Amino acid sequence: MSEYFSNIKTSATTIATGMAITLKHFFNAVKRKGDAGIDDADYFRQVDGLCTLQYPKEAIPTPPHGRYRLYCNIDDCIGCRQCERACPVECIAIETIKTTSDDLEACGKTSGGQQKRMWVPVFDIDTAKCMTCGICQSVCPTDCLYHTSVADFSEFDVKNMLYHFGNLSKIEAEAKKKKLAEQQAQAAKEKAAAGGAPAPKPAPKAAPQQKPGGAE
Amino acid sequence: MSSSPSLNTWSDALSGFSIGWFPLGLVIVAVIPLVFIALYALTYGVYGERKISAFMQDRLGPMEVGFWGILQTLADILKLLQKEDIVPTAADKFLFVIGPGILFVGSFLAFAVLPFGPAFIGADLNVGLFYAVGIVALEVVGILAAGWGSNNKWALYGAVRSVAQIVSYEIPASIALLCAAMLAGTLSMQQITLMQAGPNGFLHWFLFTNPIAWLPFLIYFISSLAETNRAPFDIPEAESELVAGYFTEYSGMKFAVIFLAEYGSMFMVSAIISIAFLGGWTSPLPNIGSLELNAMTSGPVWGAFWIIMKGFFFIFVQMWLRWTLPRLRVDQLMYLCWKVLTPFSLVAFVLTAIWVINH
């Protein structure tokens with residue numbers, strides 16, 4: 001019997017305690033929790049008030065050294081394709097076209113002064129796949145590929161997560177390809193015309209190799 | 001039925017008003033509580049509860065639609081109106097459609113005997129309190145119709161739980177109200193309120209004139225939570241384990257009617273507890289010497305204000321409890337009803353009887 005009454009007493013007191021807590025929070029709703037960061041001494045003291053952040057309007061700033069969205073500074077890219085090979089999830093897709101000798105000037109140099117020898121018409125990063133591991137960033141010889149501090153890049157359509165960084169349009173790329181093919185055909189012809197003597201030795205192999213214009 | 005000539009004048013005049021054969025006044029008398037339920041359910045019930053629950057949990061609640069989200073309810077109504085009104089093919093169509101109607105009628109019929117101030121009451125029955133307690137039982141039929149008609153196991157579980165709960169809790173609730181009826185010596189809502197009216201304001205209320213009244217007051221309040229399916233007694237709804245209990249299959253406006261019925265009965269039980277123990281439409285302010293605060297804050301309009309405010313206070317307490325306490329288990333619920341509230345209500349009944357005889 002005493003347990004019966006002690007149960008009633010326990011439930012009454014616990015309900016009163018719980019309701020006092022919720023009522024305290026209800027009246028504290030006139031306050032907002034402060035914006036003290038973890039560095040502030042007041043961080044653990046700001047326990048009262050509303051804590052909802054109305055996200056798109058109010059956001060906690062991301063740290064300037066944050067590593068979130070992958071970005072390629074295509075002006076510095078030399079088209080070495082090391083990032084593509086290093087990426088564990090294959091989120092980077094690159095196509096390169098070798099520059100013709102007269103285009104070297106137009107292709108330009110990296111900010112480090114290195115001569116660029118490749119056009120990069122396609123440099124696609126599938127941000128939806130990227131897991132921000134940073135391996136691509138570490139292998140990049142010109143430091144043109146890095147993670148930025150942009151943390152919110154959500155999209156309604158997953159197709160919009162594919163980011164294009166190429167430095168040539170499709171038409172330009174076609175023109176460059178054609179130019180390169182012409183130059184290589186020209187070089188092959190000249191080579192064949194100039195050196196008749198060395199031709200016989202690798203003749204069976206060399207003839208099919210030259211057709212796609214892959215002589216390096 | 002009225003004891004003094006001023007009592008119920010407005011409602012009597014309104015119900016006598018008719019255009020030709022058409023009793024327009026009677027329709028208006030019926031529509032006034034309906035409009036009141038709709039307005040209060042939309043503002044205080046839906047928007048207020050969201051905000052109160054949010055503030056109690058350190059959240060903001062609706063903020064996007066209108067300033068501080070005040071148009072949120074309007075957006076909700078538009079959404080509910082657009083929703084397809086689905087009737088499951090395997091459902092018992094008649095019961096399914098009529099269920100929410102019975103539910104709403106059950107809570108709305110009790111408004112007939114609620115005095116909205118000294119001059120306005122739908123029907124001043126001499127068995128008003130008895131009628132109000134009895135008509136709430138109609139909700140059980142509505143819930144059972146909705147749950148059975150849905151042809152869904154969750155809905156049926158919710159409905160059966162609800163019947164077990166509401167039928168059980170009507171016993172302590174009725175005995176607790178019987179204490180108030182015994183103190184007043186009448187069952188008429190206006191007469192019970194008049195018994196608690198006086199120049200000293202809240203000192204005339206049964207809760208403060210009687211040393212035992214707090215016990216039936218508490219018992220009725222706890223039981224009323226169970227009767228309106230409010231937390232912590234919301235096992236018929238049980239959105240976590242039964243999805244939504246007896247209204248799992250409802251959509252669109254039928255769902256809205258079910259919630260309107262819930263908010264209607266929330267106000268009804270709050271008004272009944274204010275009438276039975278807290279003086280209904282009487283002003284809480286006492287006359288202090290020559291400063292006649294009580295006389296200044298009495299009258300038909302003030303009466304409506306006071307009873308609505310008292311009802312709203314108890315609705316706030318219901319919401320406050322809802323966002324504090326977890327849901328009870330079925331066995332805990334039955335334990336509380338049969339082993340705690342019922343014996344205590346009987347004790348309160350006997351003590352009140354002794355007090356009434358010796359006073």
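Into which domains is chain A divided by the domain assignment? The answer opens the first legend below, after two notes on the model. This is a predicted model, in which local features need pLDDT of at least 70, side-chain atom pairs count only at pLDDT 80 or more, and totals for chains, interfaces and linings use all residues. Residues are numbered from 1 along each chain as its sequence is written, chains are lettered from A and ligands numbered from 1 in the order in which they are written, and side-chain values use heavy atoms, leaving out hydrogens and water.

**View 1. The domains of chain A.** The assignment gives domain 1 (1-61) and domain 2 (69-189), with bounds that come from an automatic or database domain assignment. Taken over C-alpha atoms, the centres of domain 1 and domain 2 of chain A are 52 Å apart.

**View 2. An open sheet in chain A.** Here you can follow 3 strands in the order β2-β3-β5 (chain A), paired antiparallel. Strands are DSSP runs of E with at least two residues, helices are runs of H or I with at least four, and both are numbered from the N terminus; two strands pair if DSSP finds at least two bridges between them. At the edges sit β2 (92-98) and β5 (162-164) of chain A, each pairing on one side only. From one strand to the next, the twist averages 15°.

**View 3. Where β2(A) meets β3(A), with a helix across them.** Strand β3 (residues 118-126) of chain A is joined to β2(A) by 6 bridges, and the two run antiparallel. Look for Ile97(A), whose bridge partner in β3(A) is Trp119(A). Helix α5 (residues 170-194) of chain A lies across β2 and β3 of chain A, at about 45° to β2(A); axes are lines fitted to C-alpha atoms, for helices over the stretch in contact (heavy atoms within 4.5 Å), and angles run from 0 to 180 degrees between N-to-C directions.

View 4. Residues 128-148 of chain B are 95% helix and 0% strand, with end C-alpha atoms 31 Å apart. For residues 169-190 of chain B, the span is 82% helix and 0% strand, and the end C-alpha atoms lie 25 Å apart.

**View 5. The helices of chain B.** Chain B has 14 helices and 0 strands. Its C-alpha atoms fill a box of roughly 65 × 55 × 45 Å along the principal axes.
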